[in-house]
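Good morning, and thank you for making the time.

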Amino acid sequence: MAQGSSKKVITKEDWEKRLNDVKIKKEDMNKLVMNFLVTEGFVDAAEKFRKESGTEPDIDLSTITDRMAVKKAVQCGNVEDAIEKVNDLNPEILDTNPQLFFHLQQQRLIELIRNGKVEEALEFAQEELAPRGEENQSFLEELERTVALLAFEDVSNCPVGDLLDMSQRLKTASEVNAAILTSQSHEKDPKLPSLLKMLVWAQNQLDEKAIYPRIKDLSTAKLEDPSAS
């Protein structure tokens with residue numbers, strides 16, 4: 001314990017007393033929970049929480065269903081359907097976000113390649129994506145990388161095979177989800193995970209100066225007794 005001898009030691013009892021002195025309003029906690037449910041798209045849970053806690057969401061809950069339908073369409077590879085749904089929600093989303101529209105079109109190309117529609121994929125790339133690539137270098141690089149999938153018989157071992165992974169669909173779906181939230185004047189990321197990251201950072205900073213009851217498991221928020229370590 002020579003290393004820790006220079007650090008201040010705070011007992012669990014003293015730490016809990018300090019925590020109890022911090023007053024957090026129940027309404028603020030409820031708003032955090034509602035923010036998470038709305039942003040992540042848990043519409044049924046948000047509706048139930050609204051009734052139980054009296055916490056009103058900052059957007060119409062019916063729009064969550066529409067947003068999740070778009071996200072699900074992308075995750076299932078139904079990109080045309082997703083684009084149609086986005087335009088039904090708000091045509092300006094894609095009109096004002098060329099990068100998002102390109103990524104959705106890129107995902108359409110990936111799905112054509114996945115389904116073995118080579119001729120249709122080449123035609124789609126040439127007509128819909130190539131003109132955008134001429135205007136934007138990063139788009140061109142992404143297009144070239146996607147078209148490269150056609151050069152490999154066994155895409156599972158090719159350098160760009162990750163484009164066919166489920167993670168690529170999830171990435172595109174997440175981008176669409178964020179754009180819809182932004183268009184609704186809502187944060188694209190929930191506040192709760194950011195607060196947890198801040199907690200981890202604060203504990204890491206405090207570790208250098210004190211021995212105290214840390215929270216090791218964020219899922220339980222149980223305080224570890226420093227005297228037991």
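I will go through a few of these pairs in turn.

Please keep in mind that this is a predicted model, in which local features need pLDDT of at least 70 and side-chain atom pairs count only at pLDDT 80 or more, while totals for chains, interfaces and linings use all residues. Residues are numbered from 1 along each chain as its sequence is written, and side-chain values use heavy atoms, with hydrogens and water left out.

Side chains of opposite charge can pair when their charged atoms come close. I call it a salt bridge when a side-chain nitrogen of Lys or Arg lies within 4 Å of a carboxyl oxygen of Asp or Glu, and by this rule the count is 11.

Let me begin with D14 and R18, whose closest N and O atoms are 3.2 Å apart. Both residues sit in helix α1 (residues 12-21), 4 residues apart, which is about one turn of the helix; helices here are DSSP runs of H or I with at least four residues, numbered from the N terminus.

Next comes E80, which forms a salt bridge with R108 at 3.3 Å between the closest N and O atoms. This pair links distant parts of the chain, with E80 in helix α5 (residues 79-89) and R108 in helix α7 (residues 98-114), 28 residues apart. E80 is exposed, at 54% relative accessible area, whereas R108, at 23%, is partly exposed; exposed means over 50%, buried under 20%, and partly exposed in between, with a 1.4 Å probe and protein chains only.

Finally, salt bridges that share partners join E47, R50, K51 and E56 into one network.

Methods: Helices (H or I, at least four residues) and strands (E, at least two) are DSSP runs, numbered from the N terminus.
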